[in-house]
Amino acid sequence: MKSVFTDKESVPDDESLKVSLGTTYEFWQTFVDYVPSVYPKSVEEWSFSKSGGWSFRIKDSRRAIIYLLPRDGFFKAAFVFGQKAADEVFKSEVAIAIKTELESAKAYAEGRGIRIEVKDGKIINDIKNLINIKLEN
């Protein structure tokens, strides 16, 4: 599934995000606010790919901390975890479903990637925990 934003010439703005994400916009904003609160040096940027459309990432100087992928009425939070960080996720309190997805994710040189659908507030604390693990490893 692609981003809800597929026009390369039009970088998404807050208004179009609010319309597209609907009630999940507040959760998107939770992560946009949370990462800088725990890592003030973070940098935010939109990026475009022909195959996926527009996506948003928050990164440090060398790697992405979290990717936010806008969809119609919801979004996905995506992470790539190296082995050390993945081990921390397995030991953490995050939902079993997240651990299972991470465990079954194909391992690449940069790590294992997972995408978590955010359609309500139930998963917010798990994603914050994943952000913290990513920042610590």
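**Reading helix packing and a pocket**

Me: The crossing of H2 and H5 is right-handed, and I understand that this is a predicted model. At what angle do the axes of these two helices cross, and how should I read that value?

Reply: An angle under 35 degrees counts as roughly parallel. Here the axes of helix H2 (residues 25–38) and helix H5 (residues 124–136) cross at roughly 30° and come within 11 Å, and therefore H2 and H5 are roughly parallel to each other.

Me: Which residues make that contact, and how do they divide by class?

Reply: From H2 the contact takes Phe27, Thr30, Phe31, Tyr34, Val35 and Val38, while H5 supplies Ile124, Ile127, Lys128, Ile131, Asn132 and Leu135. Sorted by class, the contact of H2 with H5 has nine nonpolar residues, two polar ones and one charged one.

Me: How should I read the packing of H3 and H4, and what is the hand of their crossing?

Reply: At the other end of the scale, an angle over 145 degrees counts as roughly antiparallel. Helix H3 (residues 83–91) and helix H4 (residues 96–104) pack at about 150° with their axes 9 Å apart, so the two are roughly antiparallel to each other, and H3 passes H4 in a left-handed crossing. Ala86, Val89 and Phe90 of H3 meet Lys99, Leu102 and Glu103 of H4, a set that divides into four nonpolar, no polar and two charged residues.

Me: Turning to the pocket, what is the volume of the largest one, and which residues are closest to its centre?

Reply: The largest pocket has a volume of about 250 Å³, and of the 19 residues that line it, Ser55, Tyr67, Leu69, Arg71 and Arg115 are the closest to its centre. The elements that give two or more residues to this lining are strands E1 (43–49), E2 (53–59), E3 (64–70), E4 (75–81) and E6 (111–118). By class, the lining of the largest pocket has nine nonpolar, eight polar and two charged residues.

How values were computed. Residues numbered from 1 in each chain as written. Predicted model: local features only at pLDDT ≥ 70, side-chain atom pairs only at ≥ 80, totals over all residues. Heavy atoms only, no water. Axes fitted to C-alpha atoms, helices over the stretch in contact; angles between N-to-C directions. Helix = DSSP H or I, 4+ residues; strand = E, 2+ residues; numbered from the N terminus. Parallel < 35°, antiparallel > 145°, perpendicular 65-115°, else oblique. Left-handed = near helix turned anticlockwise from the far one by under 90°. Contact = heavy atoms within 4.5 Å. Nonpolar A, V, L, I, M, F, W, Y, C, P; charged D, E, K, R; others polar. 1 Å grid on protein atoms, 1.4 Å probe; cavity = no way out; pocket = protein on both sides within 12 Å on 5 of 7 lines; lining within 4 Å. Points joined across faces, edges and corners; volume = space filled by probe spheres on them.
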